[in-house]
Amino acid sequence: MEAYFEHRKKLKKIGIEKTIEFTKEQKETVAKKVTDVLINSFPVLQEEYNNILIKLYNCNMWYAKVNSNLSKINYIYQNNSIYFDEGISVNSITDITIHEFIHYLQDFRTTKGKLKRMGLCNLNELSIKGLGINEAAVQYIASKAVKKTKTQINKCNITLKTISPNYYPIMTNLIEQIIFLIGENTVIKGVIENNDEFNDAFFNTFEENSQKIINNFDEIIELNNNIFLNKKNNYQELLASIYIETQDLIMKTYFEKQYELIENAEEIENISRKFDEYIELTGKIQIDGYYYNNCEIYRSKIKSKLDKKMIEIYASRSKTALTVIYSSRLSRIIQKIKSYFKV
Ligand SMILES: [Zn+2]
């Protein structure tokens, strides 16, 4: 009982005062709607339908008076519960609903009940790593699940397109770039099913720059919090420079690595096409009234490297062709000599 009151106090401290627990029917409605929205948008989760539905149904859901500076729906990991502001209908499923329920789904604890991992975010005694990249991926999934479309935004001197213009727009743009490069299904499974697919693909793709990219996402989220608290004056410049640095890291690491792996002409064409599609996702920074990024400069660099590689491949191909002709000619001569001696 003491623990119960203790917890109520803690909740109140963060701005949530719980009022009525959801009825069985309300829980069923929310669990079914959230599961349907997720599975319809991401068929890769189809096999998990029942698991997701049962898990969601078992979530503690409450109505609460929620402080206006908080989101209208909140997942509180300390007691594994979701609190809906009293005005929210269980029938309206928004990106906020999906976002918070994904956090509930990705809660992964040790046998002692300690939170160990949340999707792409790893927690240990000393540090939390990957909070930013996980938030970005969760918000991407939530926005896409409720069919939000891409919107152009201008923020902190940056212009970019994102599926989530109102919530973490800069980070969701960056995760959209990563998702385009390593594949959506891998990210979805890593985030919702808490498996290693994403981590493996991410570290294999971005290798020595993986940790730097993850840290930059964490820095962006930290800056976002400071913006709310008005702690830093130059946050706009800082945010813009971290964004551009991360974008450059993602682009260069990925395409340099793909370049090294090229084996034939078809792969060159695929990479070239992929770069043209990728560049459409990148954001630009405003300097002296002009928007620019390093991607166009890098495009001409990588394209000329790809052209050279293409010439090399064709040159070695015609060399092999010559060898084949030469050896067949040679074997004919040998045959002739052999037949001569037989005679
Ligand atoms: Zn979140």
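**View 1. The open sheet E9-E10-E11-E12 in a predicted model.** Four strands make up this open sheet. Their order is E9-E10-E11-E12, and the pairing is antiparallel. Strand E9 (151-155) and strand E12 (290-292) stand at the edges. Each has a single partner strand, so one side of each is left without a neighbour in the sheet. On average, neighbouring strands here are turned by 30 degrees against each other, direction ignored.

**View 2. The pairing of E11 with E12.** Strand E11 covers residues 284-287. Its pairing with E12 is antiparallel and runs over 3 bridges. Ile287 stands opposite Tyr290 of E12. E12 is also an edge strand of the sheet.

**View 3. Helix H6 across the sheet strands E9 and E10.** Helix H6 spans residues 169-182. The helix lies across E9 and strand E10 (158-162). Relative to E10, H6 runs at about 65 degrees. E9, one of the two strands it crosses, stands at an edge of the sheet.

**View 4. The crossing of helices H4 and H5.** Helix H4 holds residues 95-105, and helix H5 holds residues 131-145. Their axes come within 8 Å and cross at roughly 135 degrees. That angle makes H4 oblique to H5. The crossing is right-handed. From H4, the contact is made by Asp95, Ile98, His99, Ile102 and His103. From H5, Val138, Gln139, Ile141, Ala142, Ser143 and Ala145 take part. By class, the contact has 6 nonpolar, 4 polar and 1 charged residues.

**View 5. The hairpin of E5 and E6.** Strand E5 (residues 107-109) pairs with strand E6 (residues 115-118). The sense is antiparallel, over 3 bridges. Asp107 has Met118 of E6 as its bridge partner. Between the two strands of the hairpin are 5 residues. Gly113 sits in the turn, with a positive phi of about 90 degrees.

**View 6. The hairpin of E6 and E7.** Strand E7 covers residues 121-123. E6 and E7 run antiparallel and are joined by 2 bridges. Arg117 stands opposite Asn122 of E7. In this hairpin, 2 residues lie between the strands. Gly119 takes a positive phi near 60 degrees.

Note on methods: Residues numbered from 1 in each chain as written. Predicted model: local features only at pLDDT ≥ 70, side-chain atom pairs only at ≥ 80, totals over all residues. Pairing = 2+ DSSP bridges. Axes fitted to C-alpha atoms, helices over the stretch in contact; angles between N-to-C directions. Contact = placed C-beta atoms within 7 Å. Parallel < 35°, antiparallel > 145°, perpendicular 65-115°, else oblique. Left-handed = near helix turned anticlockwise from the far one by under 90°. Nonpolar A, V, L, I, M, F, W, Y, C, P; charged D, E, K, R; others polar.
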